[in-house]
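Dear colleague,

I am handing over the structure below, with its sequence. My notes follow it.

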Amino acid sequence: MKLMVEEAESDALARAIDDEGPDTVASLLVETELRRAVQRDPGLSQIGVT
């Protein structure tokens, strides 16, 4: 969710994720939870979590 809503720490978090090396792998559970969170913020869309 941190990368879905722009916050003061968003750029630093994105850089840290990019610098990790191996790709981060998430489960379908994370996608489901993000979809639920997006429903609570009218400024976001389901396309952003796919």
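How many residues does helix 2 have, and how far does helix 2 reach from its first C-alpha to its last? Helix 2 has 12 residues and reaches 17 Å, close to the 16 Å expected at 1.5 Å a residue; the expected span is 1.5 Å times one less than the number of residues.

This is a predicted model, in which local features need pLDDT of at least 70, side-chain atom pairs count only at pLDDT 80 or more, and totals for chains, interfaces and linings use all residues. Residues are numbered from 1 along each chain as its sequence is written, and side-chain values use heavy atoms, with hydrogens and water left out.

The protein chain as a whole: its secondary structure comes to 2 helices and 0 strands (DSSP runs numbered from the N terminus, H or I of at least four residues for helices, E of at least two for strands). Of its 50 residues, 10% count as buried (buried is under 20% relative accessible area, exposed over 50%, partly exposed in between, with a 1.4 Å probe and protein chains only). The accessible surface is about 4200 Å², and 57% of that belongs to carbon and sulfur atoms (Shrake-Rupley method, 1.4 Å probe; for residues, only the protein chains shown count as cover).

Back to helix 2. Its buried residues are Leu34, Ala37 and Val38. Seen down the helix axis, these fall within an arc of 100 degrees, so they line one face of helix 2 (the arc is that of the directions from the axis to the C-beta atoms). Leu28, Leu29 and Gln39 are exposed and sit on the face turned away from the buried side.

The count of salt bridges is 2 (a side-chain nitrogen of Lys or Arg within 4 Å of a carboxyl oxygen of Asp or Glu). One joins Arg35 to Glu31, with the closest N and O atoms 2.9 Å apart. Both residues lie in helix 2 (residues 28-39), 4 residues apart, about one turn of the helix. Arg35 is partly exposed at 27% relative accessible area, and Glu31 is partly exposed at 27%.

Arg36 and Glu33 form a salt bridge at 3.1 Å, N to O. They too lie in helix 2, 3 residues apart, about one turn. Arg36 is partly exposed at 45%, and Glu33 is partly exposed at 38%.

Regards
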